[in-house]
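The exercises below are meant to be worked with the sequence and the model side by side. Try each task before reading its solution.

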Amino acid sequence: MSGPDFSKAELLPVIAQDEATGDVLMLAYMNAEAYQETLATGRVCYFSRSRNKLWRKGEESGNVQEVKAIYFDCDADTLLIKVNQIGGAACHEGYRSCFFRQVTDGGENFQTVGERVFDPKEVYKKN
Ligand SMILES: N=c1c2ncn([C@@H]3O[C@H](COP(=O)(O)OP(=O)(O)OP(=O)(O)O)[C@@H](O)[C@H]3O)c2ncn1[C@@H]1O[C@H](COP(=O)(O)O)[C@@H](O)[C@H]1O
Ligand SMILES: [Mg+2]
Ligand SMILES: [Zn+2]
């Protein structure tokens, strides 16, 4: 049996979806090590491209993501993880979902449509 194919790319994109609401929370990346850690711990561990290291989601904020179910797509190079989002917000800007802005007026404008759950200055005190 074969699962997600990390031989296709070192980093595979990962969509995190709220298991309860169906909301798409964020998109990030995993390498094989992050994937194995996620399986072993039941908490989502990404690989941060900007920081170039494992990123245990919630390590600073406490907003960890509990794994409810893991899927991979037809050609085994994208992951979908249904999660229970602790703290009610996935985004480091304090919104429930990273997709809190909507493009409007045919691309002329955008609108903040998401719900801000926390103040990042409070949650990320080190920054
Ligand atoms: N917490 C987040 C966070 N939550 C959601 N996201 C989203 O996750 C996506 C991937 O983030 P990465 O850091 O992996 O960046 P990348 O997209 O791989 O690489 P770049 O585009 O930055 O080059 C981003 O596009 C963000 O929209 C976050 N990106 C970064 N953080 C930082 O991660 C650190 C730990 O935060 P917690 O895990 O919440 O404790 C803090 O310093 C936060 O500022
Ligand atoms: Mg990014
Ligand atoms: Zn975000």
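A residue is called buried when its relative accessible area is under 20%, exposed when that area is over 50%, and partly exposed in between, with a 1.4 Å probe and protein chains only. This is a predicted model, in which local features need pLDDT of at least 70 and side-chain atom pairs count only at pLDDT 80 or more, whereas totals for chains, interfaces and linings use all residues. Residues are numbered from 1 along each chain as its sequence is written, and side-chain values use heavy atoms, with hydrogens and water left out.

**Exercise 1.** Determine how glutamate 59 is placed and how far its C-alpha atom is from that of aspartate 23.

Solution. Glutamate 59 is also found in the loop between β4 and β5. Its relative accessible area is 40%, so glutamate 59 is classed as partly exposed. From its C-alpha atom to that of aspartate 23, which is 36 residues away along the chain, the separation is 22 Å.

**Exercise 2.** Describe the surroundings of serine 48.

Solution. Start from the strand: serine 48 is in β3, which covers residues 45–48. With a relative accessibility of 4%, serine 48 counts as buried. Its side chain forms a polar contact (a pair of N or O atoms within 3.5 Å, one able to donate a hydrogen and the other to accept it, residues adjacent in sequence counting only if both atoms are side-chain atoms) with the side chain of serine 50, at 3.3 Å. Beyond the neighbours within four places in sequence, serine 48 is in contact with Lys53 and Trp55.

**Exercise 3.** In what order do the elements of the protein run from the N terminus on?

Solution. The two helices and eight strands of the protein follow the order β-β-α-β-β-β-β-β-β-α. As for overall extent, the C-alpha trace spans about 45 × 40 × 30 Å along its principal axes, and buried residues make up 35% of the 127 residues.

Conventions. Chains are lettered from A and ligands numbered from 1 in the order in which they are written. Helices (H or I, at least four residues) and strands (E, at least two) are DSSP runs, numbered from the N terminus. Contact means heavy atoms within 4.5 Å.
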